[in-house]
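Hello,

Here is the structure we talked about passing on. Please have a look, then read my notes below.

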Number of protein chains: 2
Amino acid sequence: MTEYKVSALNKVVRGPKRASYDVDLINKILDDAFLCHVAYVWNDQAIVIPTAYARKDDKIYIHGSLKNRMMLSLLEAGKASVSVTHLDGLVLARSAFHHSANYRSVNVFGSVRKIEDSEEKMEALKCILNHMVPGHWDNVRHPNNKEFNATLVIEISMDTASAKVRAEGVNDELDDHDKPYWAGVIPIKQVVFDAVSDNDLPKGVKVPQAVLEYVEKNK
Amino acid sequence: MTEYKVSALNKVVRGPKRASYDVDLINKILDDAFLCHVAYVWNDQAIVIPTAYARKDDKIYIHGSLKNRMMLSLLEAGKASVSVTHLDGLVLARSAFHHSANYRSVNVFGSVRKIEDSEEKMEALKCILNHMVPGHWDNVRHPNNKEFNATLVIEISMDTASAKVRAEGVNDELDDHDKPYWAGVIPIKQVVFDAVSDNDLPKGVKVPQAVLEYVEKNK
């Protein structure tokens, strides 16, 4: 098992038994989500923004317009914090205090770099699109020069990271077990539905196999 | 319609036609989610962390342990940025460039205050618990003194906020409409499943009505 080095930055202090620094687990949690939340500093204020992303090896790619405030601020700072969270359930305990959630979350701390090389930039855009639906890049019109030049692509190199996972039942005080309170877990899942085709498609254009497979897998 | 005042801080620059400053819409988006992402500054670095929350009027409540780094940093800064995002669909366009997502997101910029008053603190804890399952506070053992004193509760007073909503189909270039590319939307929804009761409940303890109703509504 390869692990990220633990420092004051990524060390999970609250609930350390739920923490992991396992690279494979962290990558899995990142790959299973579509949106991340990115923090940046603007005018001495921490701001958080949701955005699409993709991962390849130990790099995360995000993209946006050339004037995107979040991305320009990240480039200026040279570093980024990214959070990805899956909510898997509500944990309803006997006691208010032990209410919790089941979740899988990752925090990434990385170095930020603008991707200038055209080939590398196109690869990153392909990676972001295929992160939505694996293999879908082959089904779409690729960026023309105008679109390509209007897009800013940033690489966040994962310097360190941590995962935190809760995937269990209720942890109440033993004293409370005999009391007439109910306790249990409400499971939660993000599901996808059948693709709704655009009304204006030429005759004979069908839903691509990659899309059908993605929906089937995530229903 | 009451709106938040628009400033450089909360103004939506990217995709302004999707922006809203409507208080009711912002509150609805906040109330429909369970987790938020909070940004804070630690050692000159912006960090983002997911956490549970609740809203009452123009206040957001979060809670944690007395030594929670995120909460202590927020108190020190006196201000917080909070993001709540619902992913509603993947928008798969004919062109890579016009790929997008359907979503409802809110960014809150607020002033931070530690809740010291016992009555106010208990009300905030009740609010956070009822935000999980409406009315469930009445079904649980309330915090004892030890638990109450071990919990830090913070109020984030919403000074300003913005919403951004995309809820539509594909927006491709007209030139691309005749080309043999498929386009469409994959709807996404977070669903809940039937509550799984703890194994160690006393005989006769049933799933509370509030839990049954919550599950029914969010299935």
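Arg141(A) and Asp176(B) form a salt bridge, with their closest N and O atoms 2.8 Å apart (side-chain nitrogen of Lys or Arg within 4 Å of a carboxyl oxygen of Asp or Glu). The count between chain A and chain B is four salt bridges.

Some ground rules. This is a predicted model: local features need pLDDT of at least 70, side-chain atom pairs count only at pLDDT 80 or more, and totals for chains, interfaces and linings use all residues. Residues are numbered from 1 along each chain as its sequence is written, chains are lettered from A and ligands numbered from 1 in the order written, and side-chain values use heavy atoms, without hydrogens and water.

The interface: 91 residues of chain A are in contact with 91 residues of chain B (heavy atoms within 4.5 Å). The buried area is about 7,300 Å², with 66% from carbon and sulfur atoms (accessible area, 1.4 Å probe, lost by two parts on being put together, summed over both).

Cysteines next. The whole structure has zero disulfides (cysteine sulfur atoms within 2.5 Å). Cys36(A) is buried at 0% relative accessibility (buried is under 20% relative accessible area, exposed over 50%, partly exposed in between; 1.4 Å probe, protein chains only). Cys127(B) is buried too, at 15%.

Best wishes
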